[in-house]
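Please consult the sequence and the model alongside the text.

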Amino acid sequence: METMSAAQARRTAVAAQGLAGPARRGRPTRGTLDAGVRRLGLLQLDSVNVAVRAHYAPLFSRLGPYDRDALDALAWPRTRAEGRRRTLVEYWVHEASLLPVEDWPLFRWRMRDNSARTSRWLGAALDHRPDVLDAVHDAVAQHGPLEASEVAEVLGDAGDRRARAYGGWWQRSDVKVACEHLFATGALTTGTRRGFRRAYEVPERVLPADVLAREPAREEAMRALTRHAAGALGVATEPDLRDYFRLPPGESQAAVAELVDAGELVPVEVEGWGAPAYLSPDAPRPRRVTGQALLAPFDPLIWFRARTLRLFDFHYRIGIYTPAEKRTHGYYVFPFLLDGRLVARVDLKADRVAGVLRVPGAFLEGGRDHPGEARVADALAAELATMAGWLGLEGVVVEGGDLAPALSQAVKAQADNVGGWT
């Protein structure tokens with residue numbers, strides 16, 4: 001069995017995620033964006049918009065500034081002409097995610113589990129309102145795409161009745177629960193989004209007929225998804241592979257074993273990992289990794305925190321789920337990747353009123369072979385300036401953290417060089 005050093009495994013993982021260069025060139029096209037999503041397999045969706053929405057950030061990290069409207073058009077077309085060019089669709093994948101249209105059938109098993117109410121992706125049950133599911137589906141089929149509130153308007157009194165509380169603070173109308181149930185079971189999908197609100201549509205008007213007709217066997221889908229995860233991760237443990245698409249443990253383990261037997265995964269030993277690892281035969285094996293990127297909290301390179309710790313010796317928590325007094329680095333923290341290492345973390349906020357990208361906290365990581373504070377500050381200042389420009393903001397304001405003095409100086413130096421920055 002081959003043995004990989006921890007550094008080799010880290011370089012392979014970074015390169016597999018498209019974060020090892022070459023340098024960004026030109027403005028990405030729709031084709032470039034589509035290829036970027038296919039390489040990753042998915043883009044996670046999240047409603048938090050403190051800096052930039054989660055699904056936009058991974059492609060910026062890998063490709064540089066791009067037209068976000070172009071990505072939207074691939075997922076949520078606004079015209080019939082755009083609809084013919086749709087390449088992305090929504091479903092519960094890692095969490096709520098965009099995925100390539102042709103991969104939607106690979107989650108038929110999850111849709112069936114949701115129909116049988118054996119999956120955590122199922123919305124609250126509607127045992128007390130058996131009429132709602134059919135009524136909601138019929139309304140969307142007749143008038144879609146519709147937001148849940150629009151479905152309620154179509155249904156009139158039936159849509160106005162409130163359901164009992166479903167636990168905690170999340171209390172939704174029967175209609176909204178029905179929409180989410182039908183989405184989880186594949187009876188509805190997302191036709192478009194308006195102000196990031198999901199407008200539901202029947203799959204027949206969103207997906208090509210050949211995609212809708214595909215019904216892969218459960219075992220085939222598990223192998224395909226594990227294969228996709230292996231390609232995106234480069235080298236990974238079985239739990240790493242399982243987490244990528246949130247597969248059931250037993251079926252993930254069986255899929256890994258079958259792919260090993262078929263020669264589509266190569267068992268390797270990674271120094272310091274303490275668990276069996278598997279290498280994709282096509283995984284890149286660079287001897288050196290260069291480049292820099294700000295990684296959003298839901299970036300595929302770092303979203304599985306146990307893997308992030310194992311790969312980078314980097315303990316990471318997002319902050320948004322932690323009470324303010326217990327946060328260590330801020331609310332919405334981006335790790336900073338430089339030459340294949342996580343060397344800093346920055347709490348970011350797009351202040352759209354003031355027109356600046358705020359850095360409430362900037363923190364330097366330590367560790368062996370660290371590139372040094374000045375180099376990190378210069379590289380990070382450049383990346384923050386690029387992000388601010390991409391977001392239509394006119395400056396970067398650094399406010400706190402142990403890296404703040406050096407970063408503020410680097411931001412000022414860049415502003416003096418290009419003019420107009422604060």
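Buried denotes a relative accessible area under 20%, exposed one over 50%, and partly exposed the range in between, computed with a 1.4 Å probe on protein chains only. The model is predicted: local features need pLDDT of at least 70, side-chain atom pairs count only at pLDDT 80 or more, and totals for chains, interfaces and linings use all residues. Residues are numbered from 1 along each chain as its sequence is written, and side-chain values use heavy atoms, with hydrogens and water left out.

With a relative accessibility of 1%, T12 counts as buried. T12 belongs to helix α1 (residues 6-16); helices are DSSP runs of H or I with at least four residues, strands are runs of E with at least two, and both are numbered from the N terminus. Contact means heavy atoms within 4.5 Å. Apart from neighbours within four places in sequence, T12 touches M4, L233, G234, V235, L279, A283, P284, R285 and P286. Between the C-alpha atoms of T12 and I318, which are 306 residues apart along the chain, the separation is 25 Å.

**Aromatic pairs**

Rings of Phe, Tyr and Trp (its six-membered ring) pair if their centres lie within 6.5 Å; planes under 30 degrees apart count as stacked, over 60 as edge-to-face and the rest as tilted. This rule gives 9 aromatic pairs. Two of the pairs share W390 and are tabulated here.

| Pair | Centre to centre | Angle between planes | Class |
|---|---|---|---|
| F60 and W390 | 4.4 Å | 10° | stacked |
| Y66 and W390 | 5.4 Å | 45° | tilted |

Because F60 lies in helix α3 (residues 57-63) and W390 in helix α16 (residues 373-390), their pair ties together parts that are 330 residues apart in sequence. Y66 lies in the loop between α3 and α4 (68-75), so its pair with W390 in helix α16 joins parts 324 residues apart in sequence. F60 is buried at 1% relative accessibility, W390 is buried at 9%, and Y66 is buried at 2%.

Elsewhere, a cluster linked by ring pairs comprises Y91, F107, F183, Y244, F245 and W303.

**Charges over rings**

A charge sits over a ring if NZ of Lys or CZ of Arg is within 6 Å of the ring centre and within 35 degrees of the ring normal. The charged end of R198 is placed over the ring of F183, at 4.0 Å from its centre. R68 lies over the face of Y56, 5.8 Å from the ring centre.
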